[in-house]
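Colleague: Could you give me a close look at one part of this model, the place where the ligand sits? Once you have done that, please carry on to the rest in one go.

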Amino acid sequence: MAVTTRIPTALIATLRGAQHICVLTGAGISAESGVPTFRDAQSGLWEKYDPLDLATPEAFLRDPKLIWRWYRWRRELVAKAQPNPAHQALATFATLVPRLTLVTQNVDGLHQRAGSTDVIEFHGNLFDDRCFAEDRIVDCTADADVPICPGCGSNVRPGVVWFGEAIPEQALDRSFAAAADCDVFLSIGTSSLVFPAAGLAEVANEAGAVVIEVNPNPTGMSAGFDYAIAGNAGSVLPELIDSLTD
Ligand code: OAD
């Protein structure tokens with residue numbers, strides 16, 4: 001494994017020759033847009049709040065008003081945020097290679113706002129409303145403290161995946177198929193602590209892909225990657241795209 005702050009020439013050659021690149025992004029890619037990560041010391045959301053109080057179905061059943069207050073705060077924060085150069089670089093990247101599969105653990109929709117299409121949302125979307133009882137996305141005016149499903153009248157919840165819940169089946173299947181099929185796997189801005197998402201890099205590695213991490217801090221998985229580029233996504237990714245087009 002090579003830990004580097006520069007982009008190695010051999011890596012550029014690998015990217016140029018790649019037929020299918022699979023990218024996994026995490027909260028770190030949106031950090032430079034002002035969206036807090038979960039586990040960074042000081043600024044991470046899970047440093048200040050207990051996920052068991054805010055991100056489990058049990059917490060929602062206990063106090064749906066509290067959950068909605070928290071998720072509305074996050075919706076407002078994300079609505080004011082703008083995609084950053086890292087999101088934009090990934091949208092451009094997709095136009096430069098034969099095939100790119102973009103999987104995100106983020107629920108903020110910033111990849112789509114930067115122009116990426118067909119984004120696989122592994123943990124759902126912050127702006128979706130989901131009927132708690134029927135477990136389907138619904139259209140509802142979310143101005144009540146706790147919105148009500150127009151179909152069945154039960155409580156509506158935010159359309160994100162909470163701890164202990166299954167990943168949406170299609171997102172899971174497509175992501176693992178892409179990881180097993182790609183020749184290059186990029187892990188960007190994720191602590192690689194949350195499974196099954198963190199398992200995608202392992203699958204790609206076992207299938208023989210070149211695995212690359214972009215993160216200013218080492219993660220528990222860095223040692224298993226072929227390259228670990230120590231830097232912020234907002235600087236490293238535009239540089240990577242520039243080096244491909246030079
Ligand atoms: P984490 O908060 O666990 O990790 C964020 C990572 O981003 C850390 O490794 C940071 O070092 C890195 N980072 C910070 N700033 C960065 C920057 N400018 N450029 C690149 N990297 C940077 O977030 P995730 O790994 O995304 O799940 O967390 C995974 C899941 O845990 C989330 O999807 C969420 C959370 O609980 C659910 O809500 C289900």
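Modeller: Happy to! A polar contact here means a pair of N or O atoms within 3.5 Å. Please keep in mind that this is a predicted model.

With that cut-off in hand, take Asn215: an N or O atom in its side chain is 2.7 Å from an oxygen atom of the ligand. Because the limit is 3.5 Å, this pair counts as a polar contact. The backbone takes part as well. A polar backbone atom of Phe38 is 2.7 Å from a ligand oxygen, and a polar backbone atom of Gln105 is 3.2 Å from a ligand oxygen. Around the ligand there are 23 residues in total. Phe38 and Asn215 are among the closest, together with Arg39, Thr190 and Ser191.

Helix α11 covers residues 233-245, and its axis comes within 8 Å of the axis of α7, residues 85-96, at a crossing angle of roughly 25 degrees. Angles under 35 degrees count as roughly parallel, and that is why α7 is described as roughly parallel to α11. The crossing of α7 with α11 is left-handed. On the α7 side, the residues that meet α11 are Pro85, Ala86, Ala89, Leu90, Thr92, Phe93 and Leu96. Their partners in α11 are Ala233, Gly234, Leu237, Pro238, Ile241, Leu244 and Thr245. Sorted by class, this contact has eleven nonpolar and three polar residues, with no charged ones.

Helix α11 also meets α1, residues 9-17, where the axes come within 10 Å and cross at roughly 70 degrees. An angle from 65 to 115 degrees counts as roughly perpendicular, so α1 is roughly perpendicular to α11. Ile12, Leu15 and Arg16 of α1 make this contact with Leu240, Ser243 and Leu244 of α11. By class, there are four nonpolar residues, one polar and one charged.

Another helix pair is α9, residues 169-181, with α10, residues 199-206. Their axes come within 7 Å and cross at roughly 35 degrees, and the crossing is right-handed. Ser175, Phe176, Ala179 and Ala180 of α9 are in contact with Gly199, Leu200, Val203 and Ala204 of α10. Six of these residues are nonpolar and two are polar, while none is charged.

Finally, a word on the backbone. Most residues other than glycine have a negative phi, and most peptide bonds are trans. In the loop between β8 (184-188) and α10 you will find Pro196, which is joined to Phe195 by a cis peptide bond with omega of about 10 degrees. Asp118, in the loop between α8 (110-113) and β4 (120-121), has a positive phi near 55 degrees although it is not a glycine.

Key:
Residues are numbered from 1 along each chain as its sequence is written. This is a predicted model: local features need pLDDT of at least 70, side-chain atom pairs count only at pLDDT 80 or more; totals for chains, interfaces and linings use all residues. Side-chain values use heavy atoms; hydrogens and water are left out. Axes are lines fitted to C-alpha atoms, for helices over the stretch in contact, and angles run from 0 to 180 degrees between N-to-C directions. Helices (H or I, at least four residues) and strands (E, at least two) are DSSP runs, numbered from the N terminus. Angles under 35 degrees count as roughly parallel, over 145 as roughly antiparallel, 65 to 115 as roughly perpendicular and the rest as oblique. A crossing is left-handed if the near helix is turned anticlockwise from the far one by less than a right angle, and right-handed if clockwise. Contact means heavy atoms within 4.5 Å. Ala, Val, Leu, Ile, Met, Phe, Trp, Tyr, Cys and Pro count as nonpolar, Asp, Glu, Lys and Arg as charged, and the others, Gly among them, as polar. A residue is near a molecule or strand if one of its heavy atoms lies within 4 Å of it. A polar contact is a pair of N or O atoms within 3.5 Å; within protein, one must be able to donate a hydrogen and the other to accept it, and residues adjacent in sequence count only if both atoms are side-chain atoms.
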